[in-house]
Amino acid sequence: MVRENRSRKKKTLPKKQEGKLRYIPLGGLGEVGKNMYALEYGDSILVVDCGLMFPDDEMFGIDFVIPDIAYLEERKEKIVGIIITHGHEDHIGALPFVLPKIPAPLYGTKLTLGMVGNKLSEWAPALVPDYREIKAGEKVEMGPFTVKFIAVCHSVPDGVGLAIETPVGTVVHTGDFKLDPTPIDGRLTDYAAFSEEGKKGVLLLLSDSTNVERSGFTQSEHTLSGTIDRLFRQHRTRRIVISAFASNLHRVQQVVDAAARFNRKVAFVGRSMVKNVELARELGYLHADDKTIVDIEEISRVPAGSLVVMTTGSQGEPFSGLVLMSRGEHRVITLTEKDVVAIFATPVPGNEKMVSNTINRLFSCGCEVVYEKEQAIHVSGHAARDELCIMLNMVRPKFFVPVHGEYRHLVRHAQLAREMGVAQKNAFVMVNGDVLSIESEKASVREHVQAGGIMVDGIALGEMQGSVLKERRELSEEGTIIASIVLSPDGTLASAPRFQSRGFLHLEDAASLGEELTLAVERTVGQLGRRAAEDVGLLETRVRGRMRDALRRFGRGKPVICPLITVLDGTYHPPVSAAASSGRGRRKK
């Protein structure tokens, strides 16, 4: 196969208008999540996807991370549209935060826009987007771009790939896909459409890289039907709790179908699970008899052997249904040795510890837990290596950029493309913010724009490298010492300084250190005299330095030092930020 591709005649692309096309990834390269990129030609920009990424272990208290869209904000009047390829969080999750800043028509299939609507109703209820529903096979003009939507099979229904005609040439974006021969909904990846684009000539291919390290083909979702049936047969008298991704409606359909065959009722648990099921039933993507569905409040009336509970929590999310059950904190369901729990998912990279903790707690509840990979309880929604080869064979691009994957996945995929006939110099491994400038016969990466991540903590937004995260990391690693200092108006100590420690050590267990800290504060206040009350900023700096010297002599770590200073004229002086306590800046009084 490799020899055949290398010996294939070089395909000549049709002559296009003069000008440069710019491909600008703002997320999704070198990471799994926050997928977003832009195509720019002249005064027009087309945006594809707008997702979030879940935080890693070092992002303390952060809910999720979204792309930095500073480049698009500065050019928002040029944006002709935002296309959403499918309804997963890593492709739609940032929309509530991004759409208010770059309002533009939003294109997607019926189910995808429905899932976007659910997301916006929760996070931005006042926002009224300009929805533009599309179907696979349709073509839509957006400025200088003509976009053809191509059906692809993935772990959420109604996903699409894109063939984007530009004045320079055609860009094909696979979206998240796999070549499933027996999809649950019968909607196959459209081989013919991708092949047709390959025959006409493709300038650039952007292809999903997630499973490039897996050989062969990704298994069909349909293979799980046997696993589900076996689970029901082996546990006829027990209540079955199944945890899966709330967006994996194909898996929900299989569970509902199996429940009907085995005369069981199905109850859905978890806000996202309930919302997605309601939406999918309303739009006709999920088929379930009303007699099969039971409300969670009514499950006490259903015998254990006649009930299936389908819940969120397959990734160990702290407030998901399964995790609350494992902690004994769910308001309706209490797990016992009469239950069997099946986790129909594998941990997303970074979630392994949370999933492991959840499984341990489930076992401690006494229930049986099914989670091992060898029990065939999960199949991926992404194409494996042989499927990626087929896609490259069908599309036959001149230029190639691997997307959607960690950096090693991008490198492996670029290597695969070269093996399949793409010229060495025409396969680009990029990072977020790189700009690929493309003409009909050449392409190069010579620019870089601002790109990265914006942290979302509740409703607060901030840069990933901002001071808040740095302060949280310092506090988690070293702890803090708070020094309470009360001064008379003349700058003398009104009482002995008091110290409290959090996450460092208990000062009552280190009397000698407490004495040294007290002496350090007394000497500092004495040296400053009246200035101690008049220039509190200077006092804070001096106290922090003296206390740090005392701690260094004591041989311990470097905790964050927070002086709390009160002057008896009634003025309270709060501490500066932890960043300032380390000598990196100061908050204004």
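I began with the lining of the second largest cavity, which by class has 4 nonpolar, 5 polar and 3 charged residues. The model I am reading is predicted.

**Entry: second largest cavity.** I looked up the space in this cavity and noted about 50 Å³. I then listed the residues that line the second largest cavity: Cys 153, His 154, Ser 155, Lys 178, Asp 180, Pro 183, Ile 184, Glu 221, His 250, Val 379, Ser 380 and Gly 381.

**Entry: cavity count and largest cavity.** I recorded 3 cavities of 30 Å³ or more. For the largest cavity I noted about 120 Å³ of space. Its lining comprises 15 residues, and those closest to the centre are Asn 35, Met 36, Tyr 37, His 173 and Val 403. I sorted the lining of the largest cavity into 6 nonpolar, 7 polar and 2 charged residues. I also checked which strands contribute, and found that E1 (21–27) and E3 (36–41) each supply at least two residues of this lining.

**Entry: nonpolar cores.** I turned next to the largest nonpolar core, which holds 65 residues; Leu 72 and Ile 242 touch the most other members. Helix H8 (residues 249–261) gives this core its largest share, 6 residues. I followed the contacts of Leu 72 and, leaving aside residues up to four places away in sequence, found Leu 26, Met 36, Ala 38, Ile 45, Val 47, Ile 79 and Ile 102.

Note on methods:
Residues numbered from 1 in each chain as written. Predicted model: local features only at pLDDT ≥ 70, side-chain atom pairs only at ≥ 80, totals over all residues. Heavy atoms only, no water. 1 Å grid on protein atoms, 1.4 Å probe; cavity = no way out; pocket = protein on both sides within 12 Å on 5 of 7 lines; lining within 4 Å. Points joined across faces, edges and corners; volume = space filled by probe spheres on them. Helix = DSSP H or I, 4+ residues; strand = E, 2+ residues; numbered from the N terminus. Nonpolar A, V, L, I, M, F, W, Y, C, P; charged D, E, K, R; others polar. Core = buried A, V, L, I, M, F, W, Y, C linked by side-chain atoms within 4.5 Å. Buried < 20%, exposed > 50% of the residue type's maximum accessible area, 1.4 Å probe, protein only. Contact = heavy atoms within 4.5 Å.
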